[in-house]
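Here is a short exchange on how some labels are assigned. Take a look at the model before the questions start.

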Amino acid sequence: MPTGREYDIVLFGATGFTGELTAEYLARHAPADCRWALAGRNQAKLAGVRSRLASINPALASMDLLTADVNDAASLAAVASATRVVITTVGPYVAYGDPLVAACAAAGTDYVDLTGEPEFVDRTYVRHHATAVASGARLVHACGFDSIPYDLGVYYTVRELAASGPVSVDGFVRASADFSGGTYHSAITAFSRLRESAAVAKERRALETRPSGRRVRGVGRPHRSAFGWWALPAPTVDPQIVLRSARELASYGPDFTYGHYIALRRLPTALGLVGGVGVLFGLAQIPFTRNWLLNRKKPGDGPSPEKRARSWFKVRFDARGEGKRIVTEVSGGDPGYDETAKMLAESALCLAFDDLPATSGQVTTAVAMGDALLDRLIKAGIGFTVLES
């Protein structure tokens, strides 16, 4: 970790919905000696967030507010060089994220976000992975509901299975929750950019090395699962993150297979979901209807505390290897906001304060933090449980 920095953590985007929840989590749970600050372009709004944080922790009444704008490279460089870890919640990341990643990679500063945008993750690898390797920066994407429950869930499952031969894991996601304006905008933007996403994914494959002597594969087909659910392959960034961890970690075995699914109890619900996603995808291709969709929900909007209190998620993993089978589950409360803020903040605290493997460049949560982050999340109330073995 870089030494001589003024701050341990800087949070960029604290005036947004998830950003403020992340700030509140840090206010309650960051160690007393953690030196952290807020960064953004609107100092008046940041001051308002600071006032609310001071009602949680009076010591934060005088916390520093840093001026930073995604359109001002010098301001981002100043923030990155002043801290050991940057958290950003400013999305859609494909539109706003790259300049901050560039600043962190150049400064040797660790970076965490909550993106679920495959194009942005691949573009970061293409543009900034080599720079980060040279500087020592760890660029860790998808540190929220995308994709920690799956990345660390599979990591935990493989650890508990303890098989040395071929391993196959299927993950089944169930949740009841609302989504914020920021998440909605990111999804619509991703739907509209599949051609760009495919192009940068191809560019990444040309640069990325594959493991020697080991095989890692993703699989997926609609089916009726062993748990009685209808399982639909989930077209999200999550399986890509899991497979990247598997390529880096020999503990996943010589032949690793992962399938990632949305689990639904009723077939009509499953068919309705497929149809709804298809309609959204079609509308996102046309500029007029895409703008209409984006105007339906504004960034910064989010569910009420009462709605979040009723929300939940459960991800079940069915793993097999060497004649053994294990079923595990990762579970928690409101996935998109309360638990995402917790996961994002704990990821930053883990990078800042824990004894971790020596890694750099674009890395996953399992590769960069592994057991240390798993322990943190369990202590913070995220469930990692063996159901059958």
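Q: How is the lining of the second largest pocket split by class?
A: It has seven nonpolar, seven polar and six charged residues. Ala, Val, Leu, Ile, Met, Phe, Trp, Tyr, Cys and Pro count as nonpolar, Asp, Glu, Lys and Arg as charged, and the others, Gly among them, as polar. This is a predicted model, where local features need pLDDT of at least 70, side-chain atom pairs count only at pLDDT 80 or more, and totals for chains, interfaces and linings use all residues. Residues are numbered from 1 along each chain as its sequence is written, and side-chain values use heavy atoms, with hydrogens and water left out.

Q: What makes a residue part of a pocket lining?
A: A lining residue has an atom within 4 Å of a pocket point; the points sit on a 1 Å grid over the protein atoms alone, in an open set with protein on both sides within 12 Å along at least five of seven lines. For the second largest pocket, 20 residues qualify, and E208, R244, E248, Q362 and V363 are the closest to its centre.

Q: Which helix supplies the largest share of that lining?
A: α10, with four residues. Helices are DSSP runs (H or I, at least four residues), numbered from the N terminus.

Q: Why is G336 called buried?
A: Its relative accessible area is 18%. Buried means under 20% (1.4 Å probe, protein chains only), so G336 is buried.

Q: Where is G336 found?
A: G336 is in the loop between β13 (324-332) and α14. Its C-alpha atom is 7.6 Å from that of G144, 192 residues apart along the chain.

Note on methods: On a 1 Å grid over the protein atoms alone, a cavity is a set of points where a 1.4 Å probe fits but cannot get out, and a pocket is an open set with protein on both sides within 12 Å along at least five of seven lines; lining residues have an atom within 4 Å of a point. Helices (H or I, at least four residues) and strands (E, at least two) are DSSP runs, numbered from the N terminus. Buried means under 20% relative accessible area, exposed over 50%, partly exposed in between (1.4 Å probe, protein chains only).
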